[in-house]
Amino acid sequence: MTGMKWTLLQKTNALYLTGAGILLLGFFLSLKPSWHLVQENKRLMASNQRGQQAPQAIDALKSQYDQMQHLVRSSKMSLSDYDLYLMSELSHFAGLQKVNLHSFPAVEVYQRDNMEIRTKEVVLEGQFKNILKVIHSLETNLKEGKVVSLSFENEMNYRTKKEQLLAKVLIQTVAQHEN
């Protein structure tokens with residue numbers, strides 16, 4: 001080597017570059033695998049937490065399945081028996097709350113493949129809170145069918161010249177026929 005003289009600035013820069021090279025070499029040799037281990041640990045901890053929550057998720061799915069089984073059941077009740085059943089339950093609950101059955105048309109039936117959907121429309125007349133009590137009783141006590149729709153409207157009764165509150169209720173049952 002010929003006598004190359006480095007200035008203080010060049011020596012400092014060379015020292016910084018050497019230090020940076022050593023740090024990069026240290027990162028690639030030791031820190032990078034450690035970083036991957038930290039990431040893998042986080043992924044495994046999240047997976048473990050999901051595994052610990054699995055029994056609750058399974059219970060929730062079983063509950064949803066039971067609710068669906070309640071909605072879709074084997075049809076053992078004839079159409080006339082179903083209509084009679086709904087009429088007796090509705091008149092019982094409406095009578096307890098002093099709510100009038102305004103109209104009670106026949107059950108509408110839609111069939112496709114081995115499924116049958118029975119829909120009953122009922123119009124109730126009475127005070128708002130009493131109608132809500134009847135609806136609550138239907139939702140909690142009705143063994144065949146579910147309340148799927150409820151709408152309210154005020155109507156003028158021209159005979160009595162008073163407004164009356166009407167509630168249109170749709171009760172529906174989904175049944176699966178056994179072949």
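In what order do the elements of the protein chain run from the N terminus on? Here are a few friendly notes.

1. The elements run α-α-β-α-β-β-β-α-β-β, which comes to four helices and six strands. Helices (H or I, at least four residues) and strands (E, at least two) are DSSP runs, numbered from the N terminus.

2. Please keep in mind that this is a predicted model, where local features need pLDDT of at least 70, side-chain atom pairs count only at pLDDT 80 or more, and totals for chains, interfaces and linings use all residues. Residues are numbered from 1 along each chain as its sequence is written, and side-chain values use heavy atoms, leaving out hydrogens and water.

3. The structure holds one aromatic pair. Phenylalanine 128 and phenylalanine 152 sit 5.0 Å centre to centre with 55 degrees between the planes, a tilted arrangement (ring centres of Phe, Tyr or the six-membered ring of Trp within 6.5 Å; planes under 30 degrees apart are stacked, over 60 edge-to-face, the rest tilted). Phenylalanine 128 lies in helix α4 (residues 128-141) and phenylalanine 152 in strand β5 (residues 146-157), so the pair ties together parts 24 residues apart in sequence.

4. Across the protein chain, 19% of the 179 residues count as buried. Of the contacts (heavy atoms within 4.5 Å) with a separation of 6 or more, 62% come from residues 24 or more positions apart.

Conventions. Buried means under 20% relative accessible area, exposed over 50%, partly exposed in between (1.4 Å probe, protein chains only).
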